[in-house]
Structures are given as C-alpha cells and as structure tokens.
Amino acid sequence: MKPSFWNRCWERNSLGFHQETVHPFLEQFLLPRLTATTQHVFVPLCGKSLDMVWFAQRMKVSGAELSEIACRDFFQDKELTYQQEQRDGFNVFSYQNIQLWQGDFFKLLPATIENIDWVYDRAAIIALPESMQQQYVEHLSTFISDKTSLFLISIEFPQEELEGPPFSISSLKITKLFADFDVNCIAEHELADKKFAQRTFNVSRLVERLYLIKKKQQ
Ligand SMILES: C[S@@+](CC[C@H](N)C(=O)[O-])C[C@H]1O[C@@H](n2cnc3c(N)ncnc32)[C@H](O)[C@@H]1O
C-alpha cells in the first residue's frame, strides 16, 4: 500500500484495525516467556496500539510508524506529555521508555534500534500486499539477532472474499517468508464472529494464528 493510503486512514480516523484492548495473546502466551533479561521490544508498523502500553510496563518499547497522527494520538489519548526530535531522518516521539520512530519503516536503519529481545508484529505483515511481504521480512531480519524472538499474530481467510488490507497469510506462506527462521505456530483459533478488531468481515472463514519465530542457529 502507498503511504498516502495509510495517511488517509489516519486523517479520516478510519481505523478498523485498531484494538480498544490489549491483545489477550500477550498475557496468555508472551508473559510466561518473558525472562528477567528481557529489556527491549521493537514494534514495526505499530499504529497507536495499546499493546505497546502492556509492553512498556515491562520493558523499553521502540515502535516504527508512518503516520504522525498515530504517534501523536498514542501519547495524547493517554494525556502523556511526549518529547519530539529529529533523528536519522525520522521524527521521534518519546515518553519515558517508549520511542516511536515516525517515518517509513523500510528506511529505518537497524543501528538506530539496537539490542532487541522481542519483535512484536500484530497486523503489520498482513497490512502489506503479497508483493511487499518478502521485502518486509528481509528488512525486519536486519534488526534481528540470535537473541531476538518474533511474536507474530496474523490472520487467514479466503482472500477472494475480501479486498485487503488486511491480506490473508497461510501458515505455509509464513514458513516460506521466514525461510531462514524456525517458525512455530503456538496458537490457532477460528474467529466464529468474523471480528477483526473493530471490523466484522464478510468472509466464510477467519482464522487467527500466533507464531513464535527465531533465527535458525548456524
Ligand atoms: C493495520 S495497521 C496495524 C497497526 C498496529 N500494528 C495495530 O495492531 O494496531 C498498519 C499500520 O502500519 C502503518 N504503516 C504502513 N506502512 C508503513 C511503513 N512503510 N512504515 C511505517 N508504518 C507503516 C500504517 O500507518 C498503520 O498504522
């Protein structure tokens, strides 16, 4: 999708993907996996996700987001007085242990976001058309070290029944995209009400999956 598509969504407050509560997978599946040494999560294509608040209660959060409105609203909705500065061609919004890098994720250099323990992808890869997904994985890989784990939440549905975004991704496709990684699907459930955040999809089947992904050890 072109940046103008997403900027329009934010300008029109057309945010069907935005969840009003923290994703339940975090308490259920991520919390038991956090260790005392977990210090930093990176959230690509972060929007103004409340999941970042959950993370910020436990570790440093770095987000990457195209929209200035999203970054501003993330803090303003919580009445937090943020700082703003220009760094490495990005507009950086920060408050305590949260930093949101506003600009194009594909232009963000890995050296700017170092020592990442977790990457959290909820509705990031599925926001991109198939033609951009491999490029996303390749760029994301540059931020990932041997100690980084990726927690990825995606959905699958018959793509011909709904024009994206979001874009459906099967488990096979995730495995192919992350060919240099060990991919484990640790949760899968059918969303009988066909609800995805604030939207209800007119599709015959909607499945949400959670993957735990780590670089293959050499
Ligand atoms: C479907 S939303 C998901 C947001 C968030 N992950 C959530 O769960 O609410 C996708 C987000 O990616 C942002 N985005 C799209 N392309 C981007 C890019 N190239 N760089 C940074 N952010 C981007 C959009 O502005 C939008 O906020």
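# How the terms apply here

Visitor: What makes strand S8 (residues 181-190) hardly covered?

Guide: Among the 10 residues of S8 the count of buried residues is zero, and a residue is buried if 20 or more other C-beta atoms, placed from the backbone, lie within 10 Å of its own, exposed if 12 or fewer do, and partly exposed in between. Strands here are DSSP runs of E with at least two residues, helices are runs of H or I with at least four, and both are numbered from the N terminus. Residues themselves are numbered from 1 along each chain as its sequence is written. The model is predicted, with local features requiring pLDDT of at least 70 and side-chain atom pairs pLDDT 80 or more, whereas totals for chains, interfaces and linings use all residues.

Visitor: How do you know that S8 and strand S11 (residues 207-215) pair, and in which sense?

Guide: Two strands pair if DSSP finds at least two bridges between them; S8 and S11 have nine, in the antiparallel sense, with Glu188 standing opposite Arg209 of S11.

Visitor: What is the count of buried residues in strand S3 (residues 83-87), and how many bridges join S3 to S4?

Guide: None of the five residues of S3 is buried, and the strand is therefore described as hardly covered under the cut-off already stated. Five bridges join S3 to S4 in antiparallel fashion, and Gln86 has Asn91 of S4 as its bridge partner. The two strands form a hairpin with two residues between them, and Asp88 in that turn has a positive phi of about 50°.

Visitor: Why is strand S6 (residues 118-122) called largely enclosed?

Guide: Five of its five residues are buried, so the rest of the structure largely encloses S6. Both faces are covered, with Trp118, Tyr120 and Arg122 buried on one side and Val119 and Asp121 buried on the other.

Visitor: How do you know which strands pair with S6?

Guide: Strand S1 (residues 40-44) runs parallel to S6 and is joined to it by two bridges, with Val41 opposite Trp118. Strand S7 (residues 149-156) also pairs with S6 in the parallel sense, over five bridges, and Leu150 in S7 is the bridge partner of Val119.

Visitor: Is the β-α-β unit of S6, helix H5 (residues 130-141) and S7 right-handed or left-handed, and what makes it so?

Guide: The unit is right-handed, a word that applies if, with the strands pointing away from the viewer, the path from the first strand over the helix to the second runs clockwise.

Visitor: How do you know where the buried residues of helix H4 lie, seen down its axis?

Guide: In H4 (residues 68-76), Ala70, Cys71 and Phe74 are buried. Their directions fall within an arc of 100°, so they line one face of the helix, the arc being that of the directions from the helix axis to the C-beta atoms. What covers them includes helix H1 (3-11) and strands S2 (60-65), S4 (90-95) and S5 (98-102), where contact means C-beta atoms, placed from the backbone, within 7 Å.

Visitor: What makes Ala197 partly exposed?

Guide: Its 16 C-beta neighbours inside 10 Å place Ala197 in that class. Ala197 also has a positive phi, near 55°, and sits in the loop between strand S9 (195-196) and strand S10 (199-200).

Visitor: Which residues around the ligand come nearest?

Guide: Of the 19 residues around the ligand, Trp6, Leu45, Gly47, Leu66 and Phe105 come nearest, a residue being near if its C-beta atom, placed from the backbone, lies within 6 Å.

Conventions: Contact = placed C-beta atoms within 7 Å.
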